[in-house]
Amino acid sequence: MSPELTPSQTVGPFFHDALLDEDRSELVSPDHLKAIKIEGTVYDGAGDVVPDAMVEIWQANPSGRYNHPADDRHDLSLDGETFSGFGRSGTADGGKFSFVTVKPGPVHGPDGRPQAPHIMVSVFTRGLLQRVVTRIYFPDEVERNATDHVLSSIEDPAVRETLVARDEGGVLRFDIRLQGEGQTAFFEFEE
Amino acid sequence: MVQQARGGAVGRRRGVDGVDPPYLYPDYKATRLRAPKEPLIILPKTLSDTTGPAYGRGPIGELDSDLTRQHAGEPLGERIIVTGRVLNGDGRPVRNSLIEVWQANAAGRYIHKLDRHPAPLDPNFSGAGRCLTDNDGRYRFTTVKPGAYPWKNHDNSWRPAHIHFSLFGEAFRSRLITQMYFPGDPLFEFDPIFQSVGDPKAQQRMISSFDLETTEPEWALGYKFDIVLEGRNATPMENH
């Protein structure tokens, strides 16, 4: 018999000294040739910024390889160093988070076809009793986005759009709206 | 084919229905403007969520798991040992996995600059720790028992004493942040965060148990708290 899962509880307002004591928002150096910057703001249902959230990302390297034993398909390294694929940013600066990373390559989908390049995102904050999960897709991947099994399963184009970052002069903007007009699309996991 | 979940954003169905609290729980006021209300989209299982960060930080120091030895002197309060195992959905140990904890001091005060509770800070207590699970999935922290503290959710609202736990587990989908409570706390029935977990059996799984075997004579009381994360070992990992 399987043991029963431990329930989620909110991260609360006081996590910063434990979870954000090290800056993990730069997955690569800003000087890296392939570095990209992702910025966004977390908003609540009243349109106010959420300055006490934590945003985490998880992604493959440019070859589409995750740094995890379940994935041994391609070369793990990035310029000879291990690319962790994990990042974490607070939002204390007016609800804003940011990451410096590299664009991930495509990874396999459930039917064996490649998924469009994407970054997995978790958001934790006071007022969320469990995290919300979303994905960042890339605006320069029009063709792959059109055939991506997750994006193309969403019928409403406005909802689909919430998952694609906007290119703002070299910075990719990905705002997260927890509730209300333009709410970001959030996921639950297939069993 | 991806389907949209029925019934709005009630929360993901981890394991049995009703394990996790819903996003919207109006008695916990902060959920009212932060809970998503659109239906969740079901994400088919792929490498993107069956992989995940092993642990997301630099080396763990010896003192990181002893919250009573991070300063020149000892913190005030009831010294306790908190230990347990982290398991996956198959009951197998989650090994070498990061646990991060944070908590109020014995007076119910967090070191955080936005905590305005007029209780004393303790110069010998920061209330943050971390450790890795061992080959049996076991972890162990030494700390002091946190105090209950007031908050501004409703008139005369108090949080039961708790320690926050952050866990990564084996995959992105197993990521969990929860709170560990202490047995017999009279505040459970008044706390909307605790009560947001509707199933009384699931509520019990957030409460540690006093453990005489963990207790060290003339030193510290022991509490046990096992944690079960989403995910099974029948991943491609098992085939290599």
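Modeller: This is a predicted model. Strand β12 of chain A, residues 187-189, and β1(B) pair in the parallel sense over three bridges.

Colleague: How many residues of chain B are in contact with chain A?

Modeller: The count is 76 residues of chain B, in contact with 64 residues of chain A. Contact here means C-beta atoms within 7 Å. Elements of chain B that each supply at least two residues to this side include β1 (41-43), α1 (47-50) and β3 (98-103).

Colleague: Which classes of residue make up the side of chain B that touches chain A?

Modeller: That side has 38 nonpolar, 21 polar and 17 charged residues.

Colleague: What can be said of chain B as a whole?

Modeller: Chain B has three helices and 12 strands. Of its 240 residues, 43% are buried. Among its contacts between residues at least 6 apart in sequence, 72% join residues at least 24 apart.

Colleague: Turning to chain A, why is strand β7 called mostly covered?

Modeller: A residue is buried if 20 or more other C-beta atoms lie within 10 Å of its own. In β7 of chain A (residues 118-125), seven of the eight residues are buried, and the strand is therefore described as mostly covered.

Colleague: Which strands are joined to β7(A) by bridges?

Modeller: Strand β2 of chain A (residues 53-58) runs antiparallel to β7(A), with six bridges joining them; E56(A) stands opposite S122(A) there. Strand β8 of chain A (residues 132-137) is also antiparallel to β7(A) and joined to it by six bridges, and V132(A) is the bridge partner of V123(A). In the hairpin of β7(A) and β8(A), six residues lie between the strands, and G127(A) takes a positive phi near 90 degrees.

Colleague: Why are β5 and β8 of chain A said to stand at the edges?

Modeller: The open sheet has four strands in the order β5-β2-β7-β8 of chain A, with antiparallel pairing. β5 (86-90) and β8 each have a single partner strand, so one side of each is left without a neighbour in the sheet. From one strand to the next, the twist averages 25 degrees.

Conventions: Residues numbered from 1 in each chain as written. Chains lettered and ligands numbered in written order. Predicted model: local features only at pLDDT ≥ 70, side-chain atom pairs only at ≥ 80, totals over all residues. Buried ≥ 20, exposed ≤ 12 C-beta atoms within 10 Å, placed from the backbone. Contact = placed C-beta atoms within 7 Å. Nonpolar A, V, L, I, M, F, W, Y, C, P; charged D, E, K, R; others polar. Pairing = 2+ DSSP bridges. Axes fitted to C-alpha atoms, helices over the stretch in contact; angles between N-to-C directions.
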